[in-house]
Amino acid sequence: MKKTSLTLAALAAAGLSLLAAPAQAQIKLKWAHVYETSEPFHTESVWAADEFKKRTNGKYEITVYPASQLGKETDINQGLTLGTVDIIISGSSFAARAYPPIGVTYYPFTFRGPDHLLAYTKSDVFKEMVKGYQEKSGHQIVAVSYYGTRHTTSNKPIKSCADMKGLKIRVPDVPAYLAMPRACGANTAPIAFAEVYLALQNGTVEAQENPLTTIEAKKFYEVQKHIVLTGHIVDHLNTVVAKQLWDKLTPEERKIFSDVALEAAERTTKKIQADEVKLVQLFKDKGLTVTEVDKADFLANVQKNVTFEQFGYRKSDWERIQAVK
């Protein structure tokens, strides 16, 4: 009788210990991007990582690696396929290396503004782009954040497209980004993002282009005299999940991750839009000259010198985007 009682007690204790143990082993994941820790692309990624952990009861532990810690943007995109990263934030310009049509959003002056961009991300044409990218790469785009409207900074005044002739300007190593500067006769240099400040400081280049929020975060305003509001690309970033991770997630986990990523993207977008409103005055207060330009002048030169087909884009996709309200 005593032996039976001890056996039952042991079994009960074992059962309690099983209940107390985690239901599953913790899975560690890497989330990479090239942005500074002060930027919402990072802070909201950290928030999303924490939320995903909570909503999966601790099954997934995601570490976010900012500021190119796991490589430049080209590297982290390759890392999705190589298995060195699980999640990234990256522009469609890099997704276009796998599926060129998705990069049509980088044709200069495609979007009328952030609201047009966000409407596009809810459209059928966007869904088709995501599907095309997934079929070519295997990776899954789960959310889109507004990155900002790209403007030009320079150490010489620019009031028209013609003023860019011969300008040494850093542009990302992505064909579509080169379209506007080259259409205006600038000399482009594809310097890595992490090296732009130094290149501007030492005169390797005399200009660059990025959203106002990036110009502030990367302190480019310290080594530039002019901010030229060209607004040539209304830019965005995708949250992309590697095929090997997406394939392992259950349908419930996919929904959780998509929901969290969308929430983080919405939070990021609101912060970027609010910051952009304040920054023009901040740059003026720091002594920079802020110049409005005639965008029609720049667009006319782009349309004359740049075709959709040279980038692998389809004009029909661009026209469908123009029709999005």
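The model is predicted, so local features need pLDDT of at least 70 and side-chain atom pairs count only at pLDDT 80 or more, while totals for chains, interfaces and linings use all residues. Residues are numbered from 1 along each chain as its sequence is written, and side-chain values use heavy atoms, with hydrogens and water left out. Searching the whole structure turns up 16 salt bridges (a side-chain nitrogen of Lys or Arg within 4 Å of a carboxyl oxygen of Asp or Glu).

**Arginine 150 and its partners**

- Arginine 150 pairs with glutamate 209 in a salt bridge, with 2.7 Å between the closest N and O atoms.
- That pair links distant parts of the chain, 59 residues apart: arginine 150 sits in strand S4 (residues 140-154) and glutamate 209 in strand S7 (residues 207-211). Strands (E, at least two residues) and helices (H or I, at least four) are DSSP runs, numbered from the N terminus.
- Arginine 150 also forms a salt bridge with aspartate 235, again with the closest N and O atoms 2.7 Å apart.
- Aspartate 235 is in strand S8 and arginine 150 in strand S4, so this pair ties together parts 85 residues apart in sequence.
- Relative accessible area is 2% for arginine 150, 0% for glutamate 209 and 2% for aspartate 235. Each value falls in the buried class (under 20%; exposed is over 50%, partly exposed in between, with a 1.4 Å probe and protein chains only).

**Other salt bridges**

- Lysine 218 and glutamate 36 meet through their side chains in a salt bridge (2.7 Å, N to O).
- Lysine 218 is in the loop between helix H9 (212-217) and strand S8 (226-241), and glutamate 36 in the loop between strand S1 (27-32) and helix H2 (40-55), so the pair ties together parts 182 residues apart in sequence.
- Lysine 218 counts as buried at 16% relative accessibility, whereas glutamate 36 is partly exposed at 24%.
- A salt-bridge network links Asp50, Glu51, Lys54, Arg55 and Glu263.

**Helices H6 and H13**

- Helix H6 (residues 124-137) packs with helix H13 (residues 315-323) at an angle of about 140°, their axes 9 Å apart. Axes are lines fitted to C-alpha atoms, for helices over the stretch in contact, and angles run from 0 to 180 degrees between N-to-C directions.
- H6 and H13 are therefore oblique to each other (under 35 degrees is roughly parallel, over 145 roughly antiparallel, 65 to 115 roughly perpendicular, and the rest oblique).
- On the H6 side, Asp124, Val125, Glu128 and Met129 meet Asp317, Arg320 and Ile321 of H13 (contact means heavy atoms within 4.5 Å).
- By class, this contact of H6 with H13 has three nonpolar, no polar and four charged residues (Ala, Val, Leu, Ile, Met, Phe, Trp, Tyr, Cys and Pro count as nonpolar, Asp, Glu, Lys and Arg as charged, and the others, Gly among them, as polar).
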